[in-house]
Amino acid sequence: MGGTSSTAHALLTSLADPCLAEEQVLLQLLDAISPGCVRPCYVLPGHTKADKESNAKYAVSVARKVGCFVFLSAEDVVSGKPALMLMLLAALMARDRALQAAKERAVLVGTGIAGEEAVSS
């Protein structure tokens, strides 16, 4: 994304990590939660304030598009306050968990196990 190879990953050391303000980590998380939702052509390097703001707007937009409940704005994300970042990461984690649970239910229904469980309970 944004000039890096598709296998390069940003490292996060804490919720106060400055790399969160560049939005690379958030966009990578979003792409991991919903593969293909982040279009690399819209991701900027994040070195300038304008890049960070653009990436933050895109990250919030993509998060909402994939079904995350996001209660903060792009400006909140750019500020990089640990409490706000925790809230955003929690929303991403909740969405990922919901998607994983849906996949598990689909597998159970496809194998007939879900129907047997309903009959036995």
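Predicted model: local features only at pLDDT ≥ 70, side-chain atom pairs only at ≥ 80, totals over all residues.
Helices here are DSSP runs of at least four residues, numbered from the N terminus.

View 1. Start at the N terminus and read along: the elements go α-α-α-α-α. Of its 121 residues, 32% are buried. Now take the contacts with a separation of 6 or more: 47% of them come from residues 24 or more positions apart.

**View 2. Helix 1 meets helix 4.** Here we zoom in on residues 24-33, which form helix 1, and residues 82-111, which form helix 4. Their axes come within 10 Å and cross at roughly 10°. Angles under 35 degrees count as roughly parallel, so helix 1 and helix 4 are roughly parallel to each other. Who's touching whom? On the helix 1 side you'll find Leu-26, Leu-29, Leu-30 and Ile-33. Helix 4 brings Met-85, Leu-88, Leu-89, Leu-92, Asp-96 and Leu-99. Sorted by class, this contact has nine nonpolar residues, one charged residue and no polar ones.

**View 3. Asp-51 is buried without a salt bridge.** Look for Asp-51 in helix 2, which covers residues 49-65. Which side chain of opposite charge is nearest to Asp-51? That's Lys-52, and it is 9.1 Å away. A salt bridge needs a side-chain nitrogen of Lys or Arg within 4 Å of a carboxyl oxygen of Asp or Glu. Skip the neighbours within four places in sequence, and Asp-51 is in contact with Leu-44, Pro-45 and Gly-46.

Technical notes:
Residues numbered from 1 in each chain as written. Heavy atoms only, no water. Helix = DSSP H or I, 4+ residues; strand = E, 2+ residues; numbered from the N terminus. Buried < 20%, exposed > 50% of the residue type's maximum accessible area, 1.4 Å probe, protein only. Lys, Arg positive; Asp, Glu negative; His and termini not counted. Contact = heavy atoms within 4.5 Å. Axes fitted to C-alpha atoms, helices over the stretch in contact; angles between N-to-C directions. Parallel < 35°, antiparallel > 145°, perpendicular 65-115°, else oblique. Nonpolar A, V, L, I, M, F, W, Y, C, P; charged D, E, K, R; others polar.
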